[in-house]
Amino acid sequence: MFKLIGRRLIQMVLIMLTASFILFVIFDTPEFKKRLAIQELGGFAVSALDETTYNEWLEKKGLNVPFYQRYFNWMGNTLTGDFGFSYEKNRDAGPLVWEKLANTGILALGVFGLMIPISLILGVLAGMKEASLQDRAVSFISVFFTSIPEVATAIILTVVFALGLGWFPTKSAMISGFSFHELILPVLTLVVYDFGYVARMTRASMAEVMTSQYIRTAVLKGIPYSRVILRHALRNALIAPFTVIVLQLNWLLSGVVVVEVFFEYDGFGKLLLEAALFPDIEVVQACTLVAVAVAVISQIISDVGYTFLNPRIRFG
Amino acid sequence: MAVTETEVDVRSVPLLKRLTEPKVIIGLFVAMWVPLMLYVMFGKYIGNAKDIMLLPAYPATVILYILGVRAFRESWVAVLGLTLVFFWIFMAVTAPYLPLLDPNKPIAPFTVPFTEKRDIFFWLGTDFKGRDMLSRTIWGCQRVLVWGVTATAVAYVVGTAFGLIAGYLSGWWDEIISFLGNVLLSFPVMVLFIVILNYLGPSGFNIVIAVTFASAPAIMRIVRGLALDIKTRDYVFAAQTRGESAFWIMVVELLPNVRGPIIVDACLRLGYTTVAITTLTFLGLGLQPPDPDWGLMIKESAGTAMLWKFSYMLIVPALSVSSLILGFNLLADGLREMSLRD
């Protein structure tokens with residue numbers, strides 16, 4: 001198993017190298033440098049600049065250094081834990097990204113805390129009796145809610161709960177410190193979009209377990225049905241959803257962009273979008289590295305966790 | 001976007017057999033799609049032909065819908081999905097001939113639905129610039145549909161080609177293609193979209209490119225798996241013994257056999273692409289104003305209409321896009337159900 005984890009980690013480093021290289025190439029083009037200049041000096045100033053002053057500005061920013069040299073510099077700095085500098089926010093990129101990531105972490109905690117019980121309960125209820133009324137109802141509800149894109153969910157929730165009933169604020173910028181109240185709508189939006197998928201996966205897994213021999217044996221032995229479900233079926237049915245839930249971490253990191261922008265929540269997604277539009281190269285780089293790491297690590301956790309939960313699977 | 005891996009089994013799905021006359025259906029599809037595509041993508045260059053161009057598409061859509069309902073009638077989920085999708089296609093095709101106001105003409109700002117102003121009755125009101133919401137909603141579906149379907153189709157062509165190469169040729173081809181696929185897949189989708197569209201600039205064609213980059217690796221994986229399985233069949237060995245070229249075997253022997261299982265996946269992916277396009281437009285990276293588009297309507301209203309009284313400006317496009325995506329997803333669900341039953 002350690003071999004597998006090691007191979008995955010090596011692959012992660014390779015992917016990070018490739019990804020950061022591609023990003024560097026893209027952001028090193030003259031157009032992007034010009035856009036950075038426009039952001040910093042203003043459009044009129046840049047169009048009025050002559051060649052030499054522009055070059056001086058590039059030199060001051062350290063942007064005229066040849067591409068490979070900048071890339072290797074950046075790589076060396078990253079290895080020592082220095083993620084570079086944010087031109088837009090005018091502070092170090094590392095702490096900035098961690099801070100926003102922590103905010104998104106709070107959001108994620110809320111989402112998982114709500115989504116896991118809802119989707120597991122619905123999935124188990126549906127999978128218990130295949131093709132029953134509750135199964136069809138849960139399947140339809142899942143498809144229905146997953147079909148509403150996050151933008152639309154955000155809008156409907158905002159209109160109903162914030163504009164109509166006035167229970168929650170419309171924006172979640174949290175200017176005056178952390179507020180649980182403002183967290184509710186973004187969390188609900190993400191849960192509504194995501195629970196259907198996990199519920200369907202749980203349903204499929206539960207339905208499969210219910211057709212197995214040992215459940216039939218247990219039922220025929222005369223064990224009460226609730227005990228069969230709780231003691232025999234659930235244990236095995238929840239293995240597959242576990243991996244799915246862990247993989248939702250990866251989805252969440254890109255899924256939050258819309259929600260954070262819509263609710264003006266100050267998290268990772270909003271930072272990423274702003275940095276990419278600015279173009280704040282080193283912040284984008286740092287965000288991408290974090291995102292790739294989350295993707296690969298959640299994959300490893302889900303694989304390793306699966307082998308622990310299901311002893312029949314062994315890595316060769 | 002929540003679904004990263006779709007469950008497609010290797011068994012070939014005889015879904016196509018339900019469509020009794022494939023040639024007629026393909027012909028009708030072309031008659032419906034090509035005018036609509038030309039109309040939306042190259043409308044600027046067509047000039048006067050624009051007025052009559054969509055006329056053949058109109059009967060084709062109706063016939064196609066009737067044939068579809070007949071073919072899938074055993075699953076009400078699929079029929080419901082088909083109805084939702086075809087409702088919007090029908091709207092897209094007939095938009096120029098409906099008695100609608102000009103979607104880009106400001107008339108009376110902030111008119112709430114079902115009221116009359118300046119002798120015009122506004123069913124869905126007007127937006128903050130005074131443009132008719134009903135007309136914008138109906139016109140808006142054209143762009144979402146055309147760009148969504150085009151982007152998905154291109155992603156499928158690219159993904160299938162790479163998947164066949166990786167699966168059939170194996171060896172170094174497989175290593176390189178799979179690694180590149182892994183690199184692209186481990187970028188979060190949004191990072192990929194944002195970086196690509198930011199680099200190329202926001203426009204419809206660039207959305208096609210961005211969606212291809214985001215979706216093709218996943219399609220490649222599915223097709224690669226199918227190709228690895230099919231490669232070991234006797235008819236492929238027979239073709240190899242006949243001395244057919246690798247390209248010929250891929251196109252003639254493998255392609256028709258991977259076609260079935262990816263149909264369900266294609267329907268789901270159409271849904272994701274629609275989500276992606278709306279989301280990107282909302283973030284300001286997608287289709288550009290002033291032409292109507294659902295994502296754009298949401299984006300523009302989100303800044304101006306945050307009041308209960310004007311919330312219809314947000315609700316109408318949100319419900320429209322949801323219903324289209326629901327249509328694609330229900331269709332996929334119904335097709336999967338039917339393919340499992342066969």
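Residues are numbered from 1 along each chain as its sequence is written, chains are lettered from A and ligands numbered from 1 in the order in which they are written. Because the model is predicted, local features need pLDDT of at least 70 and side-chain atom pairs count only at pLDDT 80 or more, while totals for chains, interfaces and linings use all residues.

**Confidence**
- The model scores ipTM 0.81 and pTM 0.85.
- Helices (H or I, at least four residues) and strands (E, at least two) are DSSP runs, numbered from the N terminus.
- Chain B averages a pLDDT of 81, and 93% of the residues score at least 70.
- Where pLDDT is low, the predicted coordinates should not be read in detail.

**Where the chains meet**
- In all, 38 residues of chain B are in contact (C-beta atoms, placed from the backbone, within 7 Å) with 42 residues of chain A.
- On chain B, helix 8 (171-186), helix 9 (189-200), helix 12 (246-282), helix 13 (294-304) and helix 14 (312-341) each supply at least two residues of the side that touches chain A.
- Helix 14 of chain B gives the most to that side, with ten residues.
- By class, the side of chain B that touches chain A has 27 nonpolar, ten polar and one charged residues.
- Here Ala, Val, Leu, Ile, Met, Phe, Trp, Tyr, Cys and Pro count as nonpolar, Asp, Glu, Lys and Arg as charged, and the others, Gly among them, as polar.

**Chain B**
- Chain B has 14 helices and two strands.
- Along its principal axes, the C-alpha trace of chain B spans about 75 × 45 × 40 Å.
- Buried residues (20 or more other C-beta atoms within 10 Å; exposed is 12 or fewer, partly exposed in between; C-beta atoms are placed from the backbone) make up 48% of the 342 residues in chain B.
- Among contacts in chain B between residues at least 6 apart in sequence, 71% join residues at least 24 apart.
- In helix 8 of chain B, B:G181, B:L184 and B:S186 are buried.
- The buried residues of helix 8 of chain B pack against helix 1 (2-27) and helix 14 (281-309) of chain A, together with helix 9 and helix 10 (204-230) of chain B.

**Chain A**
- The domain assignment (automatic or from a database) gives chain A domain 1 (2-75) and domain 2 (96-277).
- The centres of domain 1 and domain 2 of chain A, taken over C-alpha atoms, are separated by 37 Å.
- Helix 2 of chain A is followed by A:G42, whose phi is positive, near 95 degrees.
- A:D92 is found in strand 2 (residues 91-92) of chain A.
- A:D92 is partly exposed, with 15 other C-beta atoms within 10 Å.
- The C-alpha atoms of A:D92 and A:E282 are separated by 9.5 Å, although these residues lie 190 residues apart along the chain.

How values were computed. Contact = placed C-beta atoms within 7 Å. pLDDT = per-residue confidence, 0-100.
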